[in-house]
Amino acid sequence: ATPTDQALPDFLIGTRPVTAGAYLMYINEIARAQPVKAERRVPRDHLGRAPAWERTAKGLWQFPSPWVSETAVVGLTHSDANAYCAWYSERIGRPVRLPTEEEWEKASRGPEGRAYPWGDVWEAGFTSGPEVWEGPWPPPVGRAAADVSPFGAWDFAGCVREWTASFEPGGADLRAVVRGGSFMTGGEEGRALWTRQLVGAQRLACDLGFRLAADA
């Protein structure tokens with residue numbers, strides 16, 4: 001897509017998607033006081049029928065193997081992602097949120113409007129896509145050293161797709177804009193960073209996560 005100039009207010013964006021370890025801290029803090037609420041926010045399988053994580057004997061939660069602390073967290077609805085943002089905002093004492101799709105695109109493509117974080121030519125080995133990552137769960141964040149934008153943020157072309165704060169206006173179903181490639185998306189030309197998807201806000205998937213943003 002041809003880059004167009006669009007002025008955006010200054011903003012901050014997470015250098016990587018939110019990890020399982022970070023989300024687990026949130027879930028277990030809730031679980032100590034409100035176990036039912038915590039269970040509603042635990043990552044779920046792609047059908048949304050069962051928690052993808054395991055409850056411990058003490059009533060807390062843990063992620064199963066092969067998840068590790070640095071695995072990108074997935075299996076969450078748009079509401080789950082926003083709930084984490086609200087919790088984290090309170091924890092650090094400043095508002096954080098999901099990035100808008102315009103912010104996400106600027107952070108990923110840089111001032112030159114690149115097709116991919118590293119340039120305009122697709123290289124399958126440069127990102128955590130299906131050509132280099134096998135398995136039903138996402139890879140650790142930041143494992144693909146070349147999948148880094150001019151602004152120093154990782155994992156836009158691969159790892160996980162990401163919820164944004166933007167919605168498609170109109171229509172009976174509330175559909176949020178999802179951006180980015182994942183460990184399940186690929187092909188000979190990859191998924192260019194201007195590509196957008198519309199996903200029902202209550203949907204979840206094993207390759208759909210999120211990252212944080214904030215006003216500068």
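Trainee: In what sense do S5 and strand S6 pair, and over how many bridges?

Mentor: This is a predicted model, by the way. S5 and S6 (residues 196-200) run antiparallel, with five bridges between them.

Trainee: Which strand pairs with S5 over three bridges?

Mentor: That's strand S4 (residues 161-167), and the sense is again antiparallel. Here you can look for Trp-163, whose bridge partner in S5 is Val-178.

Trainee: How should I picture the side chains along a strand?

Mentor: In a regular strand, side chains alternate between the two faces of the sheet. As for S5 itself (residues 175-179), four of its five residues are buried, so the rest of the structure largely encloses this strand.

Trainee: Let's zoom out. How many helices and strands does the protein have?

Mentor: Four helices and eight strands.

Trainee: What radius of gyration does the protein have, and what would a compact globule have?

Mentor: A compact globule of 216 residues would come out near 17 Å, and the protein has 17 Å, so the two agree. The box filled by its C-alpha atoms, taken along the principal axes, is roughly 55 × 35 × 35 Å. Of the 216 residues, 47% count as buried. Also, take the contacts between residues at least 6 apart in sequence: 70% of them join residues at least 24 apart.

Trainee: Now a helix. What span should H1 have, and how far apart are its end C-alpha atoms?

Mentor: Count 1.5 Å a residue: the 12 residues of H1 (residues 20-31) should span 16 Å, and the end C-alpha atoms are 16 Å apart, which agrees.

Trainee: How many of the residues of H1 are buried?

Mentor: Nine of the 12, so H1 is largely enclosed by the rest of the structure. Among them are Tyr-23, Leu-24, Tyr-26 and Ile-27. The buried residues of H1 pack against helix H2 (35-41), strand S3 (61-62) and H3.

Trainee: Next, aromatics. What describes a pair of rings?

Mentor: Two things: the distance of the centres and the angle of the planes. The structure holds 18 aromatic pairs. One of them is Tyr-84 with Trp-87, a tilted pair at 5.5 Å centre to centre with 45° between the planes.

Trainee: Why are Tyr-84 and Trp-87 separated by about one helical turn?

Mentor: Because they sit three residues apart in helix H3. Tyr-84 is buried at a relative accessible area of 3%, and Trp-87 is buried too, at 11%. Trp-87 also forms a tilted pair with Tyr-88, at 6.3 Å centre to centre and 45° between the planes. Tyr-88 counts as partly exposed, with 26% relative accessibility.

Trainee: Which residues form one aromatic cluster with Tyr-84, Trp-87 and Tyr-88?

Mentor: Tyr-23, Tyr-26, Trp-53, Phe-63, Trp-67, Trp-137 and Phe-210. Notice that Tyr-23 and Tyr-26 are buried residues of H1.

Technical notes:
Residues numbered from 1 in each chain as written. Predicted model: local features only at pLDDT ≥ 70, side-chain atom pairs only at ≥ 80, totals over all residues. Heavy atoms only, no water. Helix = DSSP H or I, 4+ residues; strand = E, 2+ residues; numbered from the N terminus. Expected span 1.5 Å × (residues − 1). Buried < 20%, exposed > 50% of the residue type's maximum accessible area, 1.4 Å probe, protein only. Contact = heavy atoms within 4.5 Å. Pairing = 2+ DSSP bridges. Rg over C-alpha atoms; globule rule 2.2 N^0.38 Å. Phe/Tyr/Trp six-rings, centres within 6.5 Å; stacked < 30°, edge-to-face > 60°.
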